[in-house]
Amino acid sequence: MKSYIGIDLGGTNVRVAKVAEDGTVLAQVKGPSYGQEGPEKVMANLKEMVREIPDWRKCSGIGVGVPGPVNTEEGTMVLSTNLPGFTGYPMAAELSREFGMPAYVDNDANVAGLAEALVGAGKGLKTVFYVTISTGIGGVLVVDGKTVSGKHGFGGEIANIIIDRDREKVNYLNVGAIENEASGTAITRKGKAALPDKEILHAGNVLDLAAAGDEKAKEIVDCMTKDLGQLFATIACVCDPDMFVLGGGMMKSADKFLPAVVANFRAMSHEAVHDTPFVIAELEEPGIVGAAMLPVSHGE
């Protein structure tokens with residue numbers, strides 16, 4: 001069975017793993033990424049970590065998941081807010097040259113979705129749309145085992161999709177952008193504003209209060225489920241996937257909101273797509289596994 005090097009590169013930490021083509025993690029090393037110190041430091045660190053992987057020379061390719069949109073044709077980041085200096089940096093070419101094997105780079109949400117499509121909840125399906133609902137909201141369309149990143153690397157960047165133009169302006173995103181209305185960060189923000197007498201540390205607190213019957217919390221959650229239902233209905237209009245796979249921290253409380261999201265999706269979508277299954281992501285390490293799946297998706 002073939003094996004691959006997967007790199008999960010963040011602004012603070014990095015993990016490098018050897019992964020079998022069936023998604024099994026065979027070996028792993030982790031450490032600081034030195035992400036704020038520039039490409040030279042980051043890349044030197046990455047190369048050293050790859051060489052710590054047992055029998056790395058026997059691997060068939062390298063894949064890297066990074067925080068931000070990627071030009072997948074060039075193997076470069078288009079926007080590197082969390083990794084200063086990496087916009088346009090030839091990361092894939094550098095790794096390929098260093099280790100003598102093909103290397104690929106993609107957005108971290110994209111590779112997580114790729115992992116779920118190839119060896120996780122969506123295994124065997126032609127078209128999978130993966131959505132992560134956590135601090136933010138991200139997504140990726142996977143067709144025939146390949147992520148659809150688009151010309152500019154923004155394919156699947158659903159955070160800025162507008163679900164209501166009459167909401168408040170929050171940050172640089174569009175007014176009414178789904179990330180500012182239904183992410184974990186958004187629900188926490190709304191909970192703190194509406195429930196000043198309650199301890200709201202995270203979105204789960206609001207979901208718990210709603211489940212217990214708190215009317216203000218219920219209003220927040222009802223709005224969230226309608227917003228997410230509209231988001232999924234919009235996505236279905238564009239690509240009509242075989243399955244929606246949902247990941248991210250909010251899925252820990254899926255029982256408290258996902259049924260209502262599905263009901264709202266059906267209320268706002270064409271009858272033909274009402275049977276689209278919504279499945280919770282099943283992999284424990286989708287980021288590192290998905291990075292390693294990038295060479296697989298390119299036929300390596």
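Two strands count as paired if DSSP finds at least two bridges between them. The model under study is predicted.

**Exercise 1. Determine the order of the strands in the open sheet, and state which strands stand at its edges.**

Solution. Step 1: the open sheet has five strands, in the order E3-E2-E1-E4-E7, and its pairing is mixed. Step 2: E3 and strand E7 (103-107) each have a single partner strand, so one side of each lacks a neighbour in the sheet, and these two strands stand at the edges. Step 3: on average, and with direction ignored, neighbouring strands of this sheet are turned by 15 degrees against each other.

**Exercise 2. Describe how strand E2 is paired with E1 and with E3.**

Solution. Step 1: strand E1 (residues 3-9) pairs with E2 in the antiparallel sense over seven bridges, and Leu 9 stands opposite Val 14 in E2. Step 2: three residues lie between E1 and E2, which form a hairpin. Step 3: E2 also pairs with strand E3 (residues 25-32) in the antiparallel sense, over seven bridges; Arg 15 has Lys 30 of E3 as its bridge partner. Step 4: E2 and E3 form a hairpin with four residues between them, and Gly 23 in the turn has a positive phi of about 95 degrees. Step 5: strand E2 (residues 13-20) is mostly covered, with seven of its eight residues buried.

**Exercise 3. Classify the crossing of helices H7 and H8, and describe their contact.**

Solution. Step 1: the axes of helix H7 (residues 215-239) and helix H8 (residues 258-268) come within 7 Å and cross at roughly 50 degrees. Step 2: H7 is therefore oblique to H8. Step 3: the crossing of H7 and H8 is right-handed. Step 4: among the residues that make the contact are Leu 228, Phe 232 and Ala 236 of H7, together with Val 261, Phe 265 and Met 268 of H8. Step 5: the residues of the contact of H7 with H8 comprise eight nonpolar, four polar and one charged.

Key: Residues are numbered from 1 along each chain as its sequence is written. This is a predicted model: local features need pLDDT of at least 70, side-chain atom pairs count only at pLDDT 80 or more; totals for chains, interfaces and linings use all residues. Side-chain values use heavy atoms; hydrogens and water are left out. Axes are lines fitted to C-alpha atoms, for helices over the stretch in contact, and angles run from 0 to 180 degrees between N-to-C directions. Angles under 35 degrees count as roughly parallel, over 145 as roughly antiparallel, 65 to 115 as roughly perpendicular and the rest as oblique. A crossing is left-handed if the near helix is turned anticlockwise from the far one by less than a right angle, and right-handed if clockwise. Contact means heavy atoms within 4.5 Å. Ala, Val, Leu, Ile, Met, Phe, Trp, Tyr, Cys and Pro count as nonpolar, Asp, Glu, Lys and Arg as charged, and the others, Gly among them, as polar. Buried means under 20% relative accessible area, exposed over 50%, partly exposed in between (1.4 Å probe, protein chains only).
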